[in-house]
There are 4 protein chains.
Amino acid sequence: MTKNVAVFGAGRIGRIHAANAAALPGVTLKFVCDPVADSAASLAAALGAQVSTPDAVFADKSIDAVVIGSPTDTHSDLIHRAAAAGKHIFCEKPVDLSVPRAVECARAVAAANVACMIGFQRRFDPTFAEAKQRLQRGDVGAAEMLVVTSRDPGAPPAEYLKASGGIFRDMLIHDFDVFRWILCSGDGDEAAWLSASASVLTDPALSALGDFDSTAVTLRTRKGRLCQINTSRRAAYGYDQRFEVLGSKGLLQCGNHRPTELVQWDAQGLHGDKPENFFLQRYAAAYRLEITHFFECLQSGQPFRTTVADGVAAQKLADAATESARSGRPVEF
Amino acid sequence: MTKNVAVFGAGRIGRIHAANAAALPGVTLKFVCDPVADSAASLAAALGAQVSTPDAVFADKSIDAVVIGSPTDTHSDLIHRAAAAGKHIFCEKPVDLSVPRAVECARAVAAANVACMIGFQRRFDPTFAEAKQRLQRGDVGAAEMLVVTSRDPGAPPAEYLKASGGIFRDMLIHDFDVFRWILCSGDGDEAAWLSASASVLTDPALSALGDFDSTAVTLRTRKGRLCQINTSRRAAYGYDQRFEVLGSKGLLQCGNHRPTELVQWDAQGLHGDKPENFFLQRYAAAYRLEITHFFECLQSGQPFRTTVADGVAAQKLADAATESARSGRPVEF
Amino acid sequence: MTKNVAVFGAGRIGRIHAANAAALPGVTLKFVCDPVADSAASLAAALGAQVSTPDAVFADKSIDAVVIGSPTDTHSDLIHRAAAAGKHIFCEKPVDLSVPRAVECARAVAAANVACMIGFQRRFDPTFAEAKQRLQRGDVGAAEMLVVTSRDPGAPPAEYLKASGGIFRDMLIHDFDVFRWILCSGDGDEAAWLSASASVLTDPALSALGDFDSTAVTLRTRKGRLCQINTSRRAAYGYDQRFEVLGSKGLLQCGNHRPTELVQWDAQGLHGDKPENFFLQRYAAAYRLEITHFFECLQSGQPFRTTVADGVAAQKLADAATESARSGRPVEF
Amino acid sequence: MTKNVAVFGAGRIGRIHAANAAALPGVTLKFVCDPVADSAASLAAALGAQVSTPDAVFADKSIDAVVIGSPTDTHSDLIHRAAAAGKHIFCEKPVDLSVPRAVECARAVAAANVACMIGFQRRFDPTFAEAKQRLQRGDVGAAEMLVVTSRDPGAPPAEYLKASGGIFRDMLIHDFDVFRWILCSGDGDEAAWLSASASVLTDPALSALGDFDSTAVTLRTRKGRLCQINTSRRAAYGYDQRFEVLGSKGLLQCGNHRPTELVQWDAQGLHGDKPENFFLQRYAAAYRLEITHFFECLQSGQPFRTTVADGVAAQKLADAATESARSGRPVEF
């Protein structure tokens, strides 16, 4: 009962998903599609797959599932076509930069009765997932407050930023998903109030794009839980990915992962490693585990941990934050 | 050139200041005043001082300075009288729960040309003060973002809370001072925008008082710097006092202090101490150092690190936060 | 230029090496050999290899290299046969429990001019390897003292222990290799003096076997460097693998690896993860990296980081420690 | 029932003890004695005491106790005279560099029926004392192994070293006391076997003195418990004072104390404080607590935590270690 899979996108994230899928027992990576022929060819060769095209993939009856790791503006179309062709879908976040279009994707997927998982890989990070499990078990009582620190080591190229939808949709979408996953999902709570403040502190060029590099978002849920998210496009010390949940009986503190456990003591003090360099390193295990989860759920029929509805919900928060940061006024839901 | 001092207040905080002052070379604690006769007598006896009254203290030409550690609603009156009597003043925070009355105090002090220091002891905490020094030295570049975590081990009695002025004036006033000290004072920046959200999550009785136990405050400065403050009246793991400053070249992370450096490893994991129990322990060194600073400045004529203007400024932020949390709207300055 | 490989041993360690080798680009795992037919079959099936026998493997001209992960008492014979057949060899430690037989292996390998690497996987652990690199670079000056803490989570079955050669040959052989690698290999220094003390503290049954469960070994090198190794067969908190090197300019401290970076704070204190459970988890990366190194060296012709001579040298130290612990007297070299 | 006290020695350690004693309620520091008149005078003035001489002190009926913080070669004589005069004694370690003379002191003290406490301040360090308490409570089961790391930031002047009795008597005497306190005192266990190895690695001049700067000592107790002590006169990163006790149910790990809890994250990694600078800082609390203990025991009649017998026992181990390091042979008791 091997699952045959095609991967769309042979760029940075597509290669990760392709390699992780190909390494799974019971999964055969058959096709790799990418308009950049060299990328597609080298990835296919490395993993024993063949280069193909979307048309051929969707027409191929042997293909069970597709993994969408191509640029954001292709997601919506590929989801619609995959759903129409009856293929199960793993799609890298976001569903689409437009919430209405993302909602349309959700509808198409439901109508076609295919399974669709959205790649919020943080939910599979071993540290974060352990925190979630302890919350569910009640180890620290009822969740009350969440503080998320999320900083990139440096801004992507201006070209990328122009098409990114802005920092809230591009970067904080993960943080909004963490908010929903950690602070809300235990008992169906949801965001009731959001206020975002944002600045351009690292690169004045961002102002011209109407974008920001530094943000401070606060959310309050219907039950009065509070969440603060602070982000920056530039942390000189590397990729900073932490969160802390205060519960009625304690605190869960998720720290950064480091390449080694070496500490150097010398005349200048004690020195440890910077955090793992960037998302490919920091979330290497998470990327493996999310693809494993995708195929395990296909096999078992269990629901995914992250659905297209989660994708839509996170984008709605990103839209609200964008609006709030621009107006200087909170948004109520 | 010994300084003769009188202390007002023989309660918890008054005893700390009295003992720290009495232990300083060049300082003689002459009088202790407290309406509770037993408290005054026991403190005076322990430190070799005499029980007295405000009238007698202010009339005593030999007294150089007074330390005000009595209840908040006595501060304003004592400051005015001390100023009128030409005594230098160390006053525990806050100046007064009313900003206009606090401003009046500032005026009185200036008019009388006496020195007046307000007890924001966190500025003297060894960890926090080292962070400040590194910021000033530029060790992590220009400050961009500040995240303050400030949680008490448990709420004070309802009686206390009723007279406290609310969580923003009672508890966050310290955090607002930290915001100004760490994020603004380097180059005269000031708060431009504040948004506060707050909830009652630990004790429904607080709602009846119109107060909160959990807050999430965001401030943006004129230069676009961002600050997030999260507080709770109840942290099951003890007194949590941390902040982190992101600079253009790095991060300064101030952790909690712990009673010992013992770690136990056993079948359940690794176990370290909780943070120092509460403010008397956590800030023991800070309380010593701030009184030392007070008398050193009296001696040298150098300005205080925390003035009555700082007290007023912090209270204005506390007022704005109170208003914002009630209205659900940000406040602009 | 794919290398064809056969693996001997389909037990715990054989499976690790087989899977790691099979996952490498440029390596084809052709054969798996194990007298336990089921083990061989399941491993071969999982990795797309075939079950075979030593005779067939050594006779197969297409086989370039063998990986020996079978029981210790088979190592010597397999090394001799592999050398005679002109196959390159990766052999799990130890070469052989008898130093003379291990020396014979070294001779056979040299005579046949095949490459032979011994599996001291700790040299490939990211934390330990980074320490080694900093030492070589002089980051903490000249190495002066090494303290090794090496504790298993629990003793293996009595059956295993009987054939193990005793704790010094079975367990400390890794620590002796670390001693040589970290403290000696920078400038050709070697052990000059060794004193071992050992006890039975966890299980009296070990006394009947003439073995120990707790040891304290000290080594002094010709240049006067000092090394202390402490080991136990039982650490209630799990697998404890640390070392610290004191240099003339600082200290390098290698800590345990943990499954997650989660810390729980509650009324009982702060709680972190135990170390990674046992060697398969703790050294997962090291096992991958050492097999990668083996094949990279075969490809490039570069020398191995761990040779059969290292295997012999570590065993000599293990023999000396066994003698010293029994006699209560030091051994000089 | 105030205790009147005289302090001998107004040098570094004498000043510490004098100030700590003077600050205690119920203790009056009456006299300070030191052949260096200026030192005696400045210390006496700072603490409100008077300069005196040993003759006058011993003749003064009002003096209850003496604190001996003068050079080591004066201890024995002062102990004998204090005992003869019926004064209780707090004496800085060591009792005397000669074990027979130290034994004589113990006899004199017992004969005179005065109380005599020896200043092994580490037993009062909050971290170490908490470890001891947990051991006694059985939190980590039965103690099995102790690893002590004890390193000075730099060697004292050659002049001091000449009269020091060598590294084992001068520096490791504290570590030998820790060994006895942590590993033996729970059930009357004692050292049965000791092996010491030592080198000159930091300063060749030490060889000329017949002394060492780096040592590695192993002890085995009658019950088979093992202890390893590693020391150096020079740790480039400061004063390193740690120990770890392995118990049948876990590990107690005592870390260094640091001046602040600040961690700086930047492009070079994470950076924390070096350990507290040297013994005056690291053991500031311990010095306060041991003097408090001394006077509390005088008051209550309870036995001291560290007696002259402990002083003698530690010195015997120091003598044995000196002998072992020179001969290269272990010593059995």
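Reader: In which loop of chain B does B:Arg225 lie?

Author: The model is a predicted one. In chain B, strand S9 covers residues 214-221 and strand S10 covers 226-232. B:Arg225 lies in the loop between S9 and S10 of chain B.

Reader: Is B:Arg225 buried or exposed?

Author: A residue counts as buried if 20 or more other C-beta atoms lie within 10 Å of its own. B:Arg225 has 27 C-beta neighbours inside 10 Å, so B:Arg225 is buried.

Reader: What radius of gyration does chain A have, and why does it agree with a compact globule?

Author: The C-alpha atoms of chain A fill a box of roughly 55 × 50 × 45 Å along the principal axes. Buried residues make up 57% of the 333 residues in chain A. A compact globule with 333 residues would have a radius of gyration near 20 Å, and chain A agrees with this, at 20 Å.

Reader: How many helices and strands does chain A have?

Author: Of the contacts in chain A with a separation of 6 or more, 71% are between residues 24 or more positions apart. The secondary structure of this chain comes to 13 helices and 15 strands.

Reader: In what order do the six strands of the open sheet in chain C run?

Author: The pairing in this sheet is parallel. The edge strands are S3 (50-51) and S6 (116-119) of chain C, each of which pairs on one side only. The order in chain C is S3-S2-S1-S4-S5-S6.

Reader: Which residue in S5 of chain C is the bridge partner of C:Val67?

Author: Strand S4 (residues 65-68) and strand S5 (residues 88-92) of chain C pair in the parallel sense over four bridges. In S5 of chain C, the bridge partner of C:Val67 is C:Phe90.

Reader: At what angle to S2 of chain C does helix H1 of chain C run?

Author: Helix H1 (residues 12-22) of chain C lies across strands S1 (3-8), S2 (27-33), S4 and S5 of chain C. To S2 of chain C, the helix runs at about 155°.

Reader: How many of the 11 residues of helix H1 in chain D are buried?

Author: The buried residues of H1 in chain D include D:Ile13, D:Arg15, D:His17 and D:Asn20. Helix H1 (residues 12-22) of chain D is largely enclosed by the rest of the structure, because the number of its 11 residues that are buried is nine.

Reader: Which elements of chain C give two or more residues to the side that touches chain D?

Author: In this pair, 29 residues of chain C are in contact with 29 residues of chain D. By class, the chain C side has 13 nonpolar, 13 polar and three charged residues. The elements that give two or more residues are strands S7 (143-151), S8 (191-199), S9 (214-221), S10 (226-232) and S12 (250-254) of chain C.

Reader: What kind of axis relates chains C and D?

Author: Of the interface residues of chain C, 100% are also interface residues in chain D, so the copies meet through the same surface. Chain C can be laid on chain D with an RMSD of 0.0 Å by a turn of 180° and a shift of 0.0 Å along the axis. The two copies are therefore related as by a two-fold rotation axis.

Technical notes:
Residues are numbered from 1 along each chain as its sequence is written. Chains are lettered from A and ligands numbered from 1 in the order in which they are written. This is a predicted model: local features need pLDDT of at least 70, side-chain atom pairs count only at pLDDT 80 or more; totals for chains, interfaces and linings use all residues. Two residues are in contact if their C-beta atoms, placed from the backbone, lie within 7 Å. Ala, Val, Leu, Ile, Met, Phe, Trp, Tyr, Cys and Pro count as nonpolar, Asp, Glu, Lys and Arg as charged, and the others, Gly among them, as polar. Copies are superposed by least squares on the C-alpha atoms of residues with pLDDT of at least 70 in both. Two strands pair if DSSP finds at least two bridges between them. Axes are lines fitted to C-alpha atoms, for helices over the stretch in contact, and angles run from 0 to 180 degrees between N-to-C directions. A residue is buried if 20 or more other C-beta atoms lie within 10 Å of its own, exposed if 12 or fewer, and partly exposed in between; C-beta atoms are placed from the backbone. The radius of gyration is taken over C-alpha atoms; the globule rule is 2.2 Å times the number of residues to the power 0.38.
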